[in-house]
Amino acid sequence: MMQGYKNVERVKPSGLDLVDRLVGVQRVTKVTKGGRAFGFSAIVVVGDSNGVVGHGLGKSKDVASAIAKAIEDAKKNLVRIPILNGTLPHEQKGKFGGAKVFLKPASHGTGVISGGSVRHVLEAVGIKDVLSKSQGSSNPHNVVKATFNALLQLRSAAVIAKQRGISLDKVFNG
């Protein structure tokens, strides 16, 4: 999922105080010759509420081990997201499958205005003020991946200045 993005900083889980959030658990059924075989898939978001976040998927015959597998998978996919004063540096759109997510920075005191799976991801990142809109599919797997798509495209002013080879003042003052 992280391939194809510039400026993605991978993070090791050691030494971080990670909090996991369960986004959803689905019961899946496989019809076999002997009847139906039930299993569970869980999607989890882990983050340190300070710009580091990851998501993972776990599948198992019981719910507890599916969640445990999802948490381990999420810890393997940790990335750092730029946060500016508790909000986003700029607005961004993300898309994955049929799910589309729009994220917009908000002024201090607004809170996290979002619904469903987007809220879990933004709270795990540590974003305090943001406006968002989720369109298209409401499938939690695709919404989480679309949110990550938008977050991974964010760039801070310092990164933009470094890429362009100019000072930080010139980024804002042209």
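Helix H3 is built from 13 residues and reaches 18 Å from its first C-alpha to its last, close to the 18 Å expected at 1.5 Å a residue. The model described here is a predicted one. In this model H3 is mostly covered, with twelve of its 13 residues buried. The buried residues of H3 include Pro-140, His-141, Val-143, Val-144, Phe-148 and Leu-152.

Asn-142 sits in H3, which covers residues 140-152. Its relative accessibility is 18%, and because buried means under 20%, Asn-142 counts as buried. Leaving aside residues up to four places away in sequence, Asn-142 touches Phe-96, Gly-97, Gly-98, Ala-99 and Ser-137.

Attention now turns to the sheet. Five strands form an open sheet in the order E1-E5-E4-E3-E2, and their pairing is antiparallel. Strand E1 (9-10) and E2 stand at the edges with a single partner strand each, so one side of each is left without a neighbour in the sheet. Strands of a sheet pair through backbone hydrogen bonds, either parallel or antiparallel.

Strand E4 can be followed through both of its pairings. Seven of the nine residues of E4 (residues 52-60) are buried, so this strand is largely enclosed by the rest of the structure. With strand E3 (residues 35-47), E4 pairs in the antiparallel sense over eight bridges. One of the positions involved is Gly-47, whose bridge partner in E4 is Val-53. E3 and E4 form a hairpin with four residues between them, and Ser-49 in the turn has a positive phi of about 60°.

The pairing of E4 with strand E5 (residues 79-80) is antiparallel as well and consists of two bridges. Here Val-52 has Arg-80 of E5 as its bridge partner, while Val-53 stands opposite Val-79 in E5.

Notes
Residues numbered from 1 in each chain as written. Predicted model: local features only at pLDDT ≥ 70, side-chain atom pairs only at ≥ 80, totals over all residues. Heavy atoms only, no water. Buried < 20%, exposed > 50% of the residue type's maximum accessible area, 1.4 Å probe, protein only. Contact = heavy atoms within 4.5 Å. Pairing = 2+ DSSP bridges. Expected span 1.5 Å × (residues − 1).
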